[in-house]
Amino acid sequence: MASNKFRWHLRIFVEDDANRQIVNGFLESFFQRNIPRCIRVLQSSRGWDSTLKAAKQDCAEGGSCRRVLAVIDFDGDANRIRTATVKGQANFYVVGCREEPEKLRQLLQRPGHFSTLGNSLAREYCDNNTSLWPHIVNKKALDSLMQDAKDQHIC
Amino acid sequence: MLKRLYIHNYKCLVNFEWRLDGLQSSLLIGKNGSGKSSIADMLTFLRDIGRGENDVSALGREDGFTLSPLSLWNGRRDSCEPMVFELDAELDAVLYSYRLVLDFPKKFQKLRIVEERLSQNGKPSFTREPAKVTIAREGQPDAVLGHDWHSVFLPTFQDASQNAPVLLFKKWLADMVILTPIPFLMTGQPVDRLAPLKRSASNLVDWVVRLQADSEAANQIGDYIREVFPDFKAFAIRKLDRDASYGPEYLFLRFFDEQTSEVPFFLLSDGEKCFFLSALLRASATLEKVSFCFWDEPDCHLATHEVGFFIRALRALSGQSILTSHQLETVRQFPDEATFVLLRDTHLVPTRPPRTLEQLRDAKELKGDLSHALLTGDLYGE
C-alpha cells in the first residue's frame, strides 16, 4: 500500500538512535521484514521533551488518518510518566522504556543489540509473554494502536 | 552466504579483512575515497571468474574497467607485495574459501597469478602456484598440470563429484548482482537477451525480458512498482509502432487503464528507473533467482522522503544484500551492528579495517547522536 495522507498512516517519533533501532527491530520482526509503507519512523529531534513536542505537533497537523506514536525514555522519572502519558490528544500515543534501553538490553539472555531487543519485544508481544514488557511504560497505548491498525487491516 | 572478504594491495585496501558473520543485510559507510566501491570492484572480478572469464586482464571489462596493474596499492611497480583477493562463502552448509594472488614483476605487461586456491570446509579442491596446478582427488594421487600464469584456473576447474559443489560455488559467484546504476545509460531497449546484468544496469531490459517469461515474476514486479506508483498497470516490450512487423523493441510502462497511457521506459526519471530496477531485484530475490546483491549508493537518485522506504525494501530482500551510502536516512534503516564504517585518514595511507557503529560506540569513538556525527564528519575523524 502506498503512503497516502488520506489513508490510515502511522508516524513513529523516536527519541534517539537506541530507540530507533529498537523500533526498527520491533517492526521488522512483527511484519516479518515487510514493513508497510504506511509506517514511517522519524528521528528529528533530541531529548524526550522535544520528541514529544514534535510528535504532538505533527499529530495535530495530520488530519484524522494520521496516528502518531512517540517512543521516549522515561528514565525512571514518575513525573515524566504522568506528564507524557496523560490522555488529551486523539490518535496520539506514547510508549517507552521505564528506565533506559541500555538497561533493558542487559535483560536479554545473551548480550544483544538494540535491534535484537526490538525483535524480542515483538516476539513477546505476539506471544503475550511478559518478561520484557513490564519494563515498558504505557503498553496499553500500544495495544490500542495495534487494535486500530488491525481494524484497518494493516497487521 | 558471503562470510568474509580479504583484500590486500588493491587500490586503498591493504590487509583489509571484512567478516560479515552471517549478516543478511549490511551497510558500508565512509567518506569519499574510503574504498566502498573498491569492494564492489573486487566482487565484480570474482563474479566474472564465476561467469567463466579466465583472462586476468579481461576481468571487469564488461563493466568498463579492468583489473589493471595500476590498481596495486600506490601503483608501485617496484613493490614486491602481491595483490590478494580472498572470499569465504557458505552455501548448503559447505564453506567455500577462494584465494587469488597476483603480482606484477618487472618486464611483465600484465598481472601474473602467483597463487590460486579453492577449498571446501578447509579441504583443498585445488591449489596453484604460478604455472602448476595441483588437483586433490579422493582416494587417488593428486593430479598435477600446467597452466598459463595470466589465466585464472577456477573457470576451467570441474568437479567430478555427483553434487557438483564447485559448480554451485561458481554459479553463486556468477549470479552475484553488483550494481552501481547509471540511469542515463538505461535506454529501455533490449540488446542481448542472454547477457547478465551489468553493474551500470544499462542492460536492465534484457533482465526484464528474461523475467517476464515467468508470470509470477511479472506479477511481483508489478506489485512492487505499484507500491511507489499506484497508477501503474503493466509493462510490455514492443515495437514503437504497434503494427510494425520489424524494427527495434522498447520497454513501455502503462499507467491507468488506457493503452494510450503507455510511457517509454527511457522517459522515466533517474529515480523512477531505480525504482523499477529495485522492483526487478526484489522479484528476482523472492523467486530465488538472486541470492546476493551489492548495490553501491542505491539512494543517490531518490527523493528524500522515499529513501527510507526504498532501503527498507532492499533490506527485506530474500537473499543477502550489502549497500553503501552517504545518506543519513539510509544509515537510519540499519542497526548499529550491521553498519560498517570505513575510515581512511589521507590518500597516503590505506583504509583501516571496517568497524561497526556498535564497536565505535563501545570504544567511545562515537558519542551521542549519529546524525550529528555524520553531518559534521566527526564519525570519519574530520
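Predicted model: local features only at pLDDT ≥ 70, side-chain atom pairs only at ≥ 80, totals over all residues.
User: How many residues does the contact take from chain B and from chain A?
Analyst: Chain B and chain A bury about 2000 Å² between them, and 37% of that area lies on carbon and sulfur atoms. As for the residues that the contact takes, the numbers are 25 from chain B and 20 from chain A.

User: In chain B, which residues lose the most area to chain A?
Analyst: The area that chain B and chain A bury between them is about 2000 Å². On the side of chain B, three residues together account for 33% of what that side buries, and the residues that lose the most area to chain A are F309(B), R312(B) and R332(B).

User: How far apart are the closest N and O atoms of the salt bridge that R315(B) forms with E28(A)?
Analyst: Between chain B and chain A the count is four salt bridges, and a pair qualifies when a side-chain nitrogen of Lys or Arg is within 4 Å of a carboxyl oxygen of Asp or Glu. R315(B) and E28(A) form a salt bridge in which the closest N and O atoms are separated by 2.7 Å.

User: How many of the 14 residues of helix 1 of chain A are buried?
Analyst: Helix 1 of chain A covers residues 17–30 and reaches 20 Å from its first C-alpha to its last, close to the 20 Å expected at 1.5 Å a residue. Just after this helix, Q32(A) takes a positive phi of about 50 degrees. Helix 1 of chain A is largely enclosed by the rest of the structure, because the number of its 14 residues that are buried is 13.

User: Which residue takes a positive phi just after helix 1 of chain B?
Analyst: Helix 1 of chain B runs over residues 36–50 and spans 22 Å between its first and last C-alpha, close to the 21 Å expected at 1.5 Å a residue. The helix is mostly covered, with 14 of its 15 residues buried. Just after helix 1 of chain B, a positive phi of about 105 degrees is taken by G52(B).

User: Is N128(A) buried or exposed?
Analyst: N128(A) is placed in the loop between helix 5 (114–127) and strand 5 (136–137) of chain A, and although N128(A) is not a glycine, its phi is positive at about 55 degrees. With a relative accessibility of 64%, and because the cut-off is over 50%, N128(A) counts as exposed.

User: What is the relative accessibility of K107(B)?
Analyst: K107(B) sits in the loop between strand 5 (94–103) and strand 6 (112–120) of chain B. Its phi is near 75 degrees, a positive value in a residue other than glycine. K107(B) counts as exposed, since its relative accessibility is 81%.

User: Which residues make a nonpolar surface patch of about 320 Å²?
Analyst: One member, L185(B), lies in the loop between strand 10 (177–179) and helix 3 (204–212) of chain B. L185(B) is partly exposed, with a relative accessible area of 38%, and because patches are made of residues with over 30%, L185(B) can take part. The nonpolar surface patch of about 320 Å² is made by I182(B), F184(B) and L185(B).

User: What is the relative accessible area of L379(B)?
Analyst: L379(B) lies in the segment after helix 9 (370–376) of chain B. Not counting residues up to four places away in sequence, L379(B) touches I29(B), V341(B), L343(B), L357(B), L360(B), L366(B), L370(B), A373(B) and L374(B). L379(B) is buried, and its relative accessible area is 6%.

Methods: Residues numbered from 1 in each chain as written. Chains lettered and ligands numbered in written order. Heavy atoms only, no water. Patch = residues over 30% accessible without salt bridge, like charges linked within 9 Å, V, L, I, M, F, W, Y side chains within 5 Å. Areas by Shrake-Rupley, 256 points an atom, 1.4 Å probe, with all protein chains shown as cover. Helix = DSSP H or I, 4+ residues; strand = E, 2+ residues; numbered from the N terminus. Buried < 20%, exposed > 50% of the residue type's maximum accessible area, 1.4 Å probe, protein only. Expected span 1.5 Å × (residues − 1). Contact = heavy atoms within 4.5 Å. Buried area = accessible area lost by both parts, 1.4 Å probe.
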